[in-house]
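Here are my notes for a first reading of this model. Please keep the sequence and the structure open beside you while going through the points.

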Amino acid sequence: MTVAIGLGLMEFPFAGAGDYWRWVDLCEAGGVDSLWQTDRLVSRQPILECLATMGALAGRTRRLRFGMNVVSLGLRDPVLLAKQCATIDVLSEGRLLPGFGIGSPQGPEWQALGIDTKTRGRRTDEALEIIGRLWREDGVTFEGRHFRLRDASISPRPTRDDLPMWIGGGTEAAIRRTARYGTGWQAGAELPADAGRLVAAIKAAAAEIGRTIDDDHYGAAFPFCFGDRESAVVSGAMAAYARRTGRDPTNYFAVGDAATIVSRIAEYVAVGVEKFILRPVGPDGETVIAQTRRLIDEVLPQVSARWPKRGTS
């Protein structure tokens, strides 16, 4: 097992940069595996731009890995994105974990940028091929419906020839996309049973085309809160999630004590998931920091004891 616990944010709950860096420093010192930032370009809520955040984290941290959960490829130019990722990976000495997805058609970004949502699947597939090739090849020529390149190259390239390419999504198209391009898969709001079904489907689809994805490169995400489900903080967060996604949050949020959170992790591990992005629930930075501290103190030691990393006892 290589069970690893990362933390993720969508909104920016902190009063300012100082409080954000206090949270990052706590994660760095406390043994959190990685930090993840949601990709959202247009919003009334404060949300950091994910690529700029990756660059800032590269300069602030020395141990933590970090990634985008997940960047919407249909909204981005693949050459620019390949260059940004390579630059951040080089400057962080190989700690970037790029995550890519198709993007929600309900997002306001499509209209704001004048992009037809019906093109997002094809644009994403073309972008994935272009990015992967730019990371590995000296010159890339590509003729697609949406992108065309002739002998394009970037330098410096990433520190690793096998820079991870995590793919998000739970549709049949996402399964095929992960099998063809991905080195890992990251669940969205899938509960354990659905995540297990998707893990099995991706493994089968990859085998059909002669590829494999490492067993420890399947991830899941869920919100957590030490506290009471009936509290105003939790009920408000659940209501906001339901409004935003149209999904029932009842079984998605892990609310209670450390045993509750570890039990939820175990449900995912049982179906083949070993990487996690947990989202602390809180209306402000102080609450998020307090929730994170409890996770570090109460959950991470249990995870290490229950699922010791390979080669350790």
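Predicted model: local features only at pLDDT ≥ 70, side-chain atom pairs only at ≥ 80, totals over all residues.

Which residues of H2 are buried?

1. Residues are numbered from 1 along each chain as its sequence is written, and side-chain values use heavy atoms, with hydrogens and water left out.

2. The buried residues of H2 are Cys50, Leu51, Thr53, Met54, Leu57 and Ala58, where buried means under 20% relative accessible area, exposed means over 50%, and partly exposed lies in between (1.4 Å probe, protein chains only). Seen down the axis of H2, these residues fall within an arc of 155 degrees, so they line one face of the helix; the arc is that of the directions from the helix axis to the C-beta atoms. Helices (H or I, at least four residues) and strands (E, at least two) are DSSP runs, numbered from the N terminus.

3. The buried residues of H2 pack against helix H1 (17-30), S2, S3, S4, H3 and S5, a contact being heavy atoms within 4.5 Å. At the start of H2, the backbone nitrogen of Leu51 has a side-chain oxygen of Glu49 within 3.1 Å.

4. In H3, Pro78, Leu81, Ala82, Cys85, Ala86, Ile88 and Asp89 are buried. They cover an arc of only 165 degrees around the axis, which puts them on the same side of H3, whereas Leu80 and Leu91 are exposed on the other side.

5. The elements that cover the buried residues of H3 include helix H2 (50-60), strand S3 (65-68) and helix H5 (120-136). At the start of H3, a side-chain oxygen of Asp77 comes to within 3.1 Å of the backbone nitrogen of Val79, and just after H3, Glu93 takes a positive phi of about 60 degrees.

6. Ser34 belongs to strand S2 (residues 34-37) and is buried, with a relative accessible area of 2%. Its side chain makes polar contacts with the side chains of Asp33 (3.2 Å) and Trp36 (2.8 Å). A polar contact is a pair of N or O atoms within 3.5 Å; within protein, one must be able to donate a hydrogen and the other to accept it, and residues adjacent in sequence count only if both atoms are side-chain atoms.

7. Is strand S11 (residues 218-226) enclosed or open, and how many of its residues are buried? Nine of the nine are buried, so S11 is largely enclosed by the rest of the structure. Tyr218, Ala220, Phe222, Phe224 and Phe226 point one way, while Gly219, Ala221, Pro223 and Cys225 point the other way.

8. S11 pairs in the parallel sense with strand S13 (residues 275-280) over six bridges and with strand S12 (residues 254-256) over three bridges, where pairing requires that DSSP finds at least two bridges between the strands. Phe224 stands opposite Pro280 in S13 and opposite Ala254 in S12. From S11 the chain crosses through helix H8 (residues 232-245) to S12, in a right-handed β-α-β crossover; right-handed means that, with the strands pointing away from the viewer, the path from the first strand over the helix to the second runs clockwise.
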